[in-house]
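Dear colleague,

Please find below the structure that I promised to hand over, followed by some notes on what turned up when I went through it.

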Amino acid sequence: MAQGVSGRFFAGRELVDRLARHSPARLAVTVFAAVISLFTLLLMAPWATTSGRPAPFIDALFTATSAVCVTGLVVVPTGTYWSTYGQVVILVGIKIGGLGVMTLASILGMAVSRRIGLTQKLLTASETKTTRLGEVGSLVRVVIITSTTIELTIALLLLPRFIVLEETFGEAAWHGLFYGISAFNNAGFIPTAEGLTPYVGDWMLLMPIIVGVFIGSLGFPVILNVMRNRRRASRWSLHTKLTLTTSAVLVVVAVILFAAFEWTNEKTLGPLSLNEKILASLFAGVMPRSAGFSTIDINGMHESSWLITDALMFVGGGSASTAGGIKVTTLAVMLLAIVSEARGDRDLEAFGRRVPRETLRLAVAVSFIGATAVLVASLLLLEITGWTLDVILFETISAFATVGLSTGVTADLPTAGKYVLVVLMFIGRTGTMTLAAALALRDRRRVIRYPEERPIIG
């Protein structure tokens, strides 16, 4: 019997190695799907709900996907529907999902072989944008230590505030930890029934969450690059400079536009004091990066604010971060291409560096695949639900960009509609290009190239 188990183990390992050699992206997607399946089963246990009855499969699958894909969209209220066990499962799913598809695959490889093989190093390098393969083993440990340190720091900052709000030490510690992990991983899950709405003007409670969300949306390559060159910004990589600059500009623009559109809206900022309006605008400007927390009624926002939020969610955060979307560097590269074309320059240049043309091709592909995914999902939901396009578009972009903001209709989706969003969240988290590579049957290498001829554009 032992020989049979051993034989199956080595056969399974050989299969994994074969997949890793021939299609590493497909292996990463498979691992991620397996993790979601595991958490779905854990959430279907009777003791995972407060009622003691097993959750329906679709609700467990939706919640598990939303947690592992660090989205935050829910079909049942997290704070009241799920028991303490269920909430712990969700929190662990958020933590694992936040580490990233490729990093997760490397950790599993370490657990099996006690070392990281070349394949796993390549997988993690593609996720963290690291080129020195010898550093990947230590990089995985640094990622885990760094993320956990930031999450615990946020939790410690929130702990005294929750105690002041008359929670017991145990409740305050749990809520602080939950919000700390959920914020840094841009998950948007909330452990309480009332959420953050009652604290719309509470700077001590909301600022740690805002900072945690922003740092988490930058990406591990940026965080590590800044940490290693804290005193010499000139040594920051081009990726770091583009991510920080574009992220800062998007946040400022988002805060200004949101305040301008919603300042007198009686359903959102209108009834608030000046202090509350400023904090609510800042909060609403940062959250579309991929977090999904909200202190105001999203359903009460003007359609113009919805449209701005749609655009911000679609862009998302930094590459290899806990955020989703097409990523800010994708937007930055395409903007650089527009400026370069307008000036008549042959090269894409930024911060004294030249951006390869291959990067522009990848940015266009990522944007197109993302837009196509949102378009197809929107068409399906329009047919399934019969709701208006503005509501559908908001929900689909929120799912694809793993944001979690909602106009409040997610729970009312029919079963077919929930499956559509499950697939969309999975695509959004695993990455459009990763999924495309995973589905590709083979690489095409041409020996003979056709003559060049330029079509008319525009």
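Leu274 has its place in helix H13, which covers residues 274–286 (helices, H or I with at least four residues, are DSSP runs numbered from the N terminus). This is a predicted model, in which local features need pLDDT of at least 70 and side-chain atom pairs count only at pLDDT 80 or more, while totals for chains, interfaces and linings use all residues. Residues are numbered from 1 along each chain as its sequence is written, and side-chain values use heavy atoms, with hydrogens and water left out.

Apart from neighbours within four places in sequence, Ser378 is in contact with Ile392, Leu393 and Thr396, where contact means heavy atoms within 4.5 Å.

Turning to the inside, there are 2 cavities of 30 Å³ or more (a cavity is a set of points, on a 1 Å grid over the protein atoms alone, where a 1.4 Å probe fits but cannot get out, and lining residues have an atom within 4 Å of a point). The largest cavity holds about 110 Å³ of space, the volume being the space filled by probe spheres set on the points. Its lining has 15 residues, of which Phe258, Ala284, Ile298, Met301 and Leu405 lie nearest the centre, and H13 gives the largest share of that lining, 3 residues.

Best wishes

Key:
Helices (H or I, at least four residues) and strands (E, at least two) are DSSP runs, numbered from the N terminus. On a 1 Å grid over the protein atoms alone, a cavity is a set of points where a 1.4 Å probe fits but cannot get out, and a pocket is an open set with protein on both sides within 12 Å along at least five of seven lines; lining residues have an atom within 4 Å of a point.
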